[in-house]
Amino acid sequence: MTIYTPTYRVTIAGVVQTSTTLQDGTITYGRNDFFEATQPSYCNLELLNLEGTSPVVELLDTVVIEVQNTASTFIKLFTGEVSGVYNRFEGAGLGGKPNTLQIQAVGALGLLVKRYAGSVAYPEELDGARIQRILEETLFVAWEDISNTFTWNDFTTETWATYGVQGIDTIDAGRYEVLARPIEIDQAFNLTDTTQQSGLGYLYDTPDFEIGYADAERRSENYTTNLIELDANLVNADIQTRLQTADIVNSVVIQYDDPVLEVAAQNDTSINNYGLLEEIRSTILAETADATEQATNFVNYRGTPKVSLEEVTVNLAHSDMTNTVRDNLLGVSMDTLLYLDNIPVGLIAEGYNEGFVEGWTWTLGRNNLELTMSVSNSIYSTLDVQWEDYNAVIQWQNLDNTTMWLDVI
C-alpha cells in the first residue's frame, strides 16, 4: 500500500501562485476515438484566495499546471494561453472576503485555429513534411511578436535564425505523398487537419506547449515503447466496452489526385455478414499506390467490428496503485499503449484489452488526481495484417508454397 497526495504548482505569466489554492480543475487532451481528428487541449482551473486579494490575470497569459510525481519532482500536466478569466468575490464590497478565480486556457493546437497559412506554394511531399511546412509557416516568430521588454541579454545561445520558429515537437517523416498545393490562404488548422486525415496520422499538443505529428507508422514502430500495464481492479468507475455497426466499413472509395481519381476496395466476407456498409473518403493523396493501400487496409481493419473501451478512469491516490504505475500515468500521451488486465470475462473473453490512448482528461482535486482515458482497439493503429483480418476461407495450401506469414503481414 502506497500513499499519494497530489501537490500542485500553478504558474501564471511566469509567477508561481503562492497566495491562492487550487480548488479544482480539468485538463483535456486528444480526441474521443481513433476515427476523429485531434482537438486543441484546454483546461478549466479554479483558484481560491482566502485573503480576497486576487492575482492579476490577463488574456493570453501563459498558464502552467504541474504536479509532483512520487519522487517529488514537478511534472507538467498542461501549458496554455489564457482564453477566459472569471473573478468572483463572495460578499462584494466587504473587505477580507475570499474570492474565486476561474481560468480557461487553450493548448498549443489552439494557435492553429487563430492563424493562417498557405501564403506560399507547397510541393508534392510526404504528409509529415507537409505538416512541418505548415507549422513553420504558422509558428514563425516575427519581430513584432517579441515582447518589447526583452533585451539581447535574455538570449544566451539563440540566434535569430534559430529562434524564428517556436513550439514544434517531433514531426514524423510521413508515409503517404500528398498533392502539391498552389498559393491559397486558409486557416492553419484546416490545412493540418486535411493533411493528417489523408496521411492517417495525428496531430497532438504537449504539456510544454508544443505541437507534434505522429505519422501512420509511429504506433506500429513503437508498439510497446510507451506501454502502461494497469490492473482493472484499480479502475474507480464502471468499465464499459463498445461494439457498434457505426465502426464497420466494408466497401470504400478513396478519392485522390487532381483532377480527382478513385480507387475502390471491399471486404466480401464482411458484406455477407453485415450487409453493405459504404464510405467515400476524400483525400489529398497524390499517388495511386498510396490510395490503393489505404483502401485495402481500410476494409480489412474496419470490415469486422472491434471491441473498444469507452473510458478508463483511475485515481492516482488509490492506495493499491504502485508508484511505478503512478509515474507512468503522469506521462500519458497519444503514444501510450494501455494494457488493461483482469477484466471480467463477461466483458472481454480474453480478460484483457490492449489499446492506444486517444484522449484523456485530468480532474484535479485538493486530495485527488483522477485520469480518464479514451482508448481505441490497437488494431486500428497497426499497418500489418493480423490473423483475424486475413480471409478465413484461405488455407495455407492455397498459397504459394514459398509464402511465409512474414511475407503476408
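The following dialogue discusses how to read several features of a predicted model.

Biologist: What share of the contacts with a separation of 6 or more joins residues 24 or more positions apart?

Modeller: Such residue pairs account for 71% of those contacts.

Biologist: How is a strand read, and which strands pair with β23?

Modeller: A strand is read through its bridges to other strands. Strand β23 covers residues 352–365. Strand β3 (residues 21–30) pairs with β23 in the antiparallel sense, over seven bridges; here Asp 24 has Gly 365 of β23 as its bridge partner. Strand β22 (residues 337–341) is also antiparallel to β23, with five bridges, and Asp 341 is partnered by Tyr 352 of β23. Strand β24 (residues 369–377) pairs with β23 over nine bridges, again in the antiparallel sense. In that pairing, Thr 361 stands opposite Thr 372 of β24. Three residues lie between β23 and β24, and the two strands form a hairpin.

Biologist: Why is β23 described as largely enclosed by the rest of the structure?

Modeller: Burial is judged residue by residue, with a cut-off of under 20% relative accessible area. Ten of the 14 residues of β23 are buried, so the strand is largely enclosed by the rest of the structure.

Biologist: In what order do the strands of the open sheet containing β17 stand?

Modeller: The order of this three-stranded sheet is β18-β17-β19, and its pairing is mixed. Because β18 (261–266) and β19 (278–282) stand at the edges, each with a single partner strand, one side of each is left without a neighbour in the sheet. On average, neighbouring strands of the sheet are turned by 15° against each other, direction ignored. Strand β17 (residues 251–256) pairs with β18 in the antiparallel sense over six bridges, and Val 253 stands opposite Ala 264 of β18.

Biologist: How is a helix read, and against which elements do the buried residues of α7 pack?

Modeller: One considers its span and then its buried residues. Helix α7 (residues 288–302) has 15 residues and reaches 21 Å from its first C-alpha to its last, close to the 21 Å expected. Its buried residues include Asp 290, Phe 298, Tyr 301 and Arg 302. The buried residues of α7 pack against β11 (177–178), α4 (188–199), β17, β18 and β19.

Key
Residues are numbered from 1 along each chain as its sequence is written. This is a predicted model: local features need pLDDT of at least 70, side-chain atom pairs count only at pLDDT 80 or more; totals for chains, interfaces and linings use all residues. Side-chain values use heavy atoms; hydrogens and water are left out. Two strands pair if DSSP finds at least two bridges between them. Helices (H or I, at least four residues) and strands (E, at least two) are DSSP runs, numbered from the N terminus. Axes are lines fitted to C-alpha atoms, for helices over the stretch in contact, and angles run from 0 to 180 degrees between N-to-C directions. The expected span of a helix is 1.5 Å times one less than its number of residues. Buried means under 20% relative accessible area, exposed over 50%, partly exposed in between (1.4 Å probe, protein chains only). Contact means heavy atoms within 4.5 Å.
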